[in-house]
Amino acid sequence: LMPFTKLKLTTFGTILETKWKQGKGVHFTRIAMGDGLIGSGSMINRTALVHERHSLRIDGVVATDDAAQAAVIATLDNKDLTEGFLYRELALMAQDPDTGQEGAYLYDNAGQECEFLDTQNSGVVIYERMKLLIRTEQTDSITFDASGNPLNITWAELEGLLALVRYIRGPGRRQRHAGAGRGQRRIGRDR
């Protein structure tokens, strides 16, 4: 999207990393976006954005192929924006397992190199996938507040849905329904 240099692990994030290595896991709550300038302030000492303007729920956390990183995935859209803003702050928010406090785990600020996120009422439609990469060797101990986006479906849930489809179809049956074109199949019961 824009020239963020690199998300930095905050002091709050460092504390959570220590607890994570002690076996307490890490719980990501959301991705926050803002328009604040930090001036001469420190990025690593932030627990919150300077001026938060938008929040994204997390669609999923997926281990990369080499399992040395995890991708935190969210969907950026402007359907709920009532006012545009200069997008220059980005933070991955997490919750402390002992205190329940939410804070910035990773933070970056693009300063003057920002981008304007406008509203749909202004005729601008924004719908983009964001992927934040974090270094980790413990992806199985990551939890997050899920957005409800179907991307966040587990293999066990998918297997359950496939079993339901097979049950509805019956053994060895293939169904064609009115409205299904050549090469397309629809899942459902015969009426």
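Mentor: Here is a look at the charged side chains, with some background on the chain to begin with.

This is a predicted model, so a caution on what counts: local features need pLDDT of at least 70, side-chain atom pairs count only at pLDDT 80 or more, and totals for chains, interfaces and linings use all residues. Residues are numbered from 1 along each chain as its sequence is written, and side-chain values use heavy atoms, with hydrogens and water left out.

Read from the N terminus, the order is β-α-β-β-β-β-β-β-β-β-β-β-α. Of the 191 residues in the chain, 40% are buried, where buried means under 20% relative accessible area, exposed over 50%, and partly exposed in between (1.4 Å probe, protein chains only). Take the contacts (heavy atoms within 4.5 Å) with a separation of 6 or more: residues 24 or more positions apart account for 71% of them.

Now to Glu89, found in strand S7 (residues 89–95). Glu89 is buried yet has no salt bridge, a salt bridge being a side-chain nitrogen of Lys or Arg within 4 Å of a carboxyl oxygen of Asp or Glu. What the Glu89 side chain does reach is the backbone nitrogen of His51, at 3.1 Å. Leaving aside neighbours within four places in sequence, Glu89 is in contact with a list of residues including Phe4, Met33, Leu49, Val50, Tyr107 and Asp108.

A search of the whole structure finds ten salt bridges. In one of them the side chains of Lys8 and Asp108 meet at 3.3 Å, N to O. Lys8 lies in strand S1 (residues 8–9) and Asp108 in strand S8 (residues 102–109), so the pair ties together parts that are 100 residues apart in sequence.

Arg30 and Glu52 form another salt bridge, their closest N and O atoms being 2.5 Å apart. This pair links distant parts of the chain, with Arg30 in strand S2 (residues 26–34) and Glu52 in strand S3 (residues 52–56), 22 residues apart. Arg30 counts as buried at 16% relative accessibility, and Glu52 as partly exposed at 35%.

Then there is Glu83 with Arg53, a salt bridge whose closest N and O atoms are 3.3 Å apart. Glu83 lies in the loop between strand S5 (69–77) and strand S6 (85–87) and Arg53 in strand S3, so the pair ties together parts that are 30 residues apart in sequence. Glu83 is exposed, with a relative accessible area of 54%, while Arg53 is partly exposed at 25% relative accessibility. Finally, salt bridges that share partners join Lys19, Lys24, Asp96 and Asp98 into one network.

Technical notes
Helices (H or I, at least four residues) and strands (E, at least two) are DSSP runs, numbered from the N terminus. Lys and Arg count as positive and Asp and Glu as negative; His and the chain ends are not counted. A polar contact is a pair of N or O atoms within 3.5 Å; within protein, one must be able to donate a hydrogen and the other to accept it, and residues adjacent in sequence count only if both atoms are side-chain atoms.
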